Amino acid sequence: MYNETGFIRENILMVDVKGWRYKHTTSSYVIIGDEIAIIEPGNKSSAKEILNALNEFGIDKEKVKYIFVSHRHADHAGGSSELIKELKNAKIFAHEYTLKILMDPEKLNRATVEMYGEFGEPMDPVLDKSRLVEIHDGEEIDLGKGIKILAIHTPGHTSDHFMFFEERNSFLFTGDGMGLFSNGKVLPNSFPPSFKFNSYIESIEKVRKLNPRILGFAHFGSIENGAIIENAIKITYEWKEIIEKMKEKDAESIGNFLYENYGMDFNLFSPDLRKYIFIILAQGFLNGLDK
Ligand SMILES: [Zn+2]
């Protein structure tokens, strides 16, 4: 398991970007070929953590050409505008809808602050359209030195979600599409309002076929695959069963039940936010149960 900022493969650097204003909650990745890619800008305040890591590890900022964003949420796309200010040769690569939100994040920002209060960091818009590039399912970007990044459309957590696969290291960057990973365990990443159970499972099955050796979660850290993908599927069905049984209750009671049963070794997010996160996850799951 990899939980600290540092190289986890010869050409893959993991950075704890202190997303959600807390350590060990969001990880971004830097992939180094002849050209350099960043996966996940994180929150707006995470951008400086990435830039610091580039300095600390002596990585040439001029060579950063690609910034991949897994989906529209502010804790993933939020660092984009800050990053491209400093990384002059980089462009943002994401789903068409993610780019739309990046150009005009107003509505999403309002929802984020409403739901998460002081932890919900609004993002700045990216106004220069020439820095935004749409990616498509199955597209492959060659960084040189045998490092290629495959973009895989994986809806479910959101409709615009992409995972990224680096073939040489058999490394899958899961974004929010595989779950929330903490203490060796994975939980469904069912944040509202766009979670859809059926597409979420289908997307996990889609990337399972790649048989990745290592998984890099956005929340949080990396781990050799082993049984993690199977566990991600199993736990998502387990929650489905629980939530179907409790469906007549409100999200708060379901969230509290989930927190009592699955929250004990869940260390992501600030401790005073954790119980609330389970209520939010319950709400998203309830909403996406039959979708
Ligand atoms: Zn998300």
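Here are some questions and answers on this predicted model.

Student: How many helices and strands does the chain have?
Tutor: Let's count up the secondary structure of the chain. The total comes to nine helices and 15 strands.

Student: What radius of gyration does the chain have, and what would a compact globule have?
Tutor: Start with the length, which is 291 residues.

Student: Is Ile-149 buried or exposed?
Tutor: First find Ile-149 in strand E9, residues 147–153. Inside 10 Å there are 23 C-beta neighbours, and the cut-off for this class is 20 or more. So Ile-149 counts as buried.

Student: How far is the C-alpha atom of Ile-149 from that of Phe-164?
Tutor: Along the chain, these two residues are 15 residues apart. Phe-164 is also one of the residues in contact with Ile-149, and others include Ile-31 and Ala-37.

Student: Are H8 and H9 oblique or parallel to each other?
Tutor: Look at H8 (residues 251–262) and H9 (residues 271–288), whose axes come within 7 Å and cross at roughly 120 degrees. Roughly perpendicular stops at 115 and roughly antiparallel starts over 145, so an angle between those falls in the remaining class. H8 and H9 are therefore oblique.

Student: How many nonpolar, polar and charged residues are in the contact of H8 with H9?
Tutor: Leu-258 and Tyr-259 are among the H8 residues there, and they meet an H9 group including Phe-278 and Leu-286. Sorted by type, the contact has nine nonpolar, two polar and two charged.

Terms used
Residues are numbered from 1 along each chain as its sequence is written. This is a predicted model: local features need pLDDT of at least 70, side-chain atom pairs count only at pLDDT 80 or more; totals for chains, interfaces and linings use all residues. Axes are lines fitted to C-alpha atoms, for helices over the stretch in contact, and angles run from 0 to 180 degrees between N-to-C directions. Helices (H or I, at least four residues) and strands (E, at least two) are DSSP runs, numbered from the N terminus. Angles under 35 degrees count as roughly parallel, over 145 as roughly antiparallel, 65 to 115 as roughly perpendicular and the rest as oblique. Two residues are in contact if their C-beta atoms, placed from the backbone, lie within 7 Å. Ala, Val, Leu, Ile, Met, Phe, Trp, Tyr, Cys and Pro count as nonpolar, Asp, Glu, Lys and Arg as charged, and the others, Gly among them, as polar. A residue is buried if 20 or more other C-beta atoms lie within 10 Å of its own, exposed if 12 or fewer, and partly exposed in between; C-beta atoms are placed from the backbone. The radius of gyration is taken over C-alpha atoms; the globule rule is 2.2 Å times the number of residues to the power 0.38. Lists of a residue's contacts leave out its neighbours within four places in sequence.
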